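I set out here, in order, what I looked up in this structure. The entries begin with the chain as a whole and then turn to individual helices.

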Amino acid sequence: MNTSETPADLVAAEDVLLFVNAAITATGQREFRSDAVGQQLSLDFLHAYVRVNYRRVYASSLALDINDHNAARIVLGLLETASQASAEERRTEGRLIAARLALLPPQRVYRLFGEVRRAGINNRRTRAIMRDWLAARPDLGHDAVKYRGGVKTAARHIHLRCPEGAGPLAEVGAFLFRPGRLPRYEHRLLDAWRRAHYEQGAVAELPFTVAEGFAARHGMKREVFLKRAAPRMTRLERLRTHSVTQRPEIDLTVMPLTRLALYVLSLPFDQRAARRTELTGALRTAARRAAGGHAGSWGRVHAVLDDSFSSSGSGQKRRRPLAVALAGHHLLEALAAPGAYRGLWTSGRGDALLVRPWGPTPLGMRVLDALEPGPGGAAPDRLVIVSDGWDNAPAGLAGEVLRVWRKRLDPGRRTAVVHVNPVYDADGFDVRRLAAGVPTAGIRDAEDLPALVEIARFAEGRTGAAELHAYLDRRVALFLGEKETVS
């Protein structure tokens, strides 16, 4: 750490890490130990505090692996307080906002535009950002059908010119603001929407979420409708409807790792056991894809994985902590050297595919086991703990074990220890930590684990504010260099 840094610099670095952890994990939804109101109030305070005191860092967070909920909140906050930024800051913020909007799901962006309109943010810069995002959409007619309210709100807010006559934009304008005026549309989906009001065969041509309403209106049987709609479903729509019927089939090989883990955990035990080869193969394939160039580069890796009862999550984030642990288990196996991985579940189970949320959280005992030398008598190169941090059997043992290990047995830090936590602690304005000397990072998707390990080292206290800001600047430069930006 730079010895010239003042206590204020160190406090600033801690504040930045606190906000980054929250922006990665918190979504304002109920968690196992806190309700949605507490989560939202905690996030409100953090966003306001960091935006006022560290505006540059607040904007730079858009270049990190934060979740979509907080990315949208940051964009809204920056647009709402543009008068508080300098001209140079507004230029950088505009580019960051445009680059982040290009990554957000369209429904999230349209929801954000609605919040912008309700907040009365209507300056030229905001309208330009919205206009350029709409112009970059690959098919505005598709959006008009699938997100009709959002497109209509955005078009009104930026005074989008939709001339009468022929042309794609003219048809979108007629569809949104003058429905029923045109006898037919040249755009395939716009005309399918028109025909679906009286023609059952046109329902299957529409996006799934729109077609569902028309199918109910026509009294179509659910199984018949799903079979016809299958070719136009997205991957997530296929996953959502799979519990209703075995159609449509799901291609597990292309699913993201954490989403795949959630799907696996939603299956009954007998189905998991019967499909063991298929499910395990899909998880390992997704893990190798997520590991990318890091595969096999982490040496000997031991992991402590939390499958205690609290990993069941909440009604809004059902089994999410356990899914992150299961996905992390397979990703760490891919990151470790061949045959050099050992995963230990807090429940003591040895079958990762059949894990379930159960029992207390004896993290301390499992950390002791994980620090035992592996084959050949060598200690692990890395110890990764995936847990919500509620070490309660007995309470505090994990932190004490790690303190003694670091002070007495491994002062040279031959074993790198990191704790990744998928649960935001609203009362503490951060993710819960095991011990002061253990680097901790929030995590939402296991795929982000390699990048989060790099962030976690800043929480260990061995690097300061200068190094942290340099890291953020590198991430911003990389982010803006890879995305098409708007001034």
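**Entry 1: the chain.** What percentage of the 487 residues of the protein chain count as buried? I found 52%, with buried meaning under 20% relative accessible area, exposed over 50% and partly exposed in between (1.4 Å probe, protein chains only). I note that this is a predicted model, in which local features need pLDDT of at least 70 and side-chain atom pairs count only at pLDDT 80 or more, while totals for chains, interfaces and linings use all residues. Residues are numbered from 1 along each chain as its sequence is written, and side-chain values use heavy atoms, with hydrogens and water left out.

**Entry 2: overall dimensions.** I recorded 22 helices and seven strands; these are DSSP runs (helices H or I, at least four residues; strands E, at least two), numbered from the N terminus. Along the principal axes, the C-alpha atoms fill a box of roughly 80 × 60 × 40 Å. Of the contacts (heavy atoms within 4.5 Å) with a separation of 6 or more, 66% join residues 24 or more positions apart.

**Entry 3: helix α11.** I then examined α11, residues 188–196, where seven of the nine residues are buried. Among them are Asp 191, Trp 193 and Arg 195. The buried residues pack against α8 (140–146), α9 (148–157), α10 (168–177) and α12 (208–218).

**Entry 4: helix α15.** In α15, residues 257–266, eight of the 10 residues are buried, including Thr 258, Tyr 263 and Leu 265. Their packing partners are α14 (235–241), α16 (269–274), α17 (276–291) and α18 (320–335).

**Entry 5: α15 against α18.** How do α15 and α18 pack, in angle and in distance between axes? The angle is about 120° and the axes are 8 Å apart; axes are lines fitted to C-alpha atoms, for helices over the stretch in contact, and angles run from 0 to 180 degrees between N-to-C directions. α15 is therefore oblique to α18, since angles under 35 degrees count as roughly parallel, over 145 as roughly antiparallel, 65 to 115 as roughly perpendicular and the rest as oblique. On the α15 side I listed Leu 257, Thr 258, Ala 261, Leu 262, Val 264 and Leu 265, which meet α18 residues including Arg 320, Leu 322 and Leu 331. The residues of this contact divide into 11 nonpolar, one polar and one charged (nonpolar: Ala, Val, Leu, Ile, Met, Phe, Trp, Tyr, Cys and Pro; charged: Asp, Glu, Lys and Arg; polar: the others, Gly among them).
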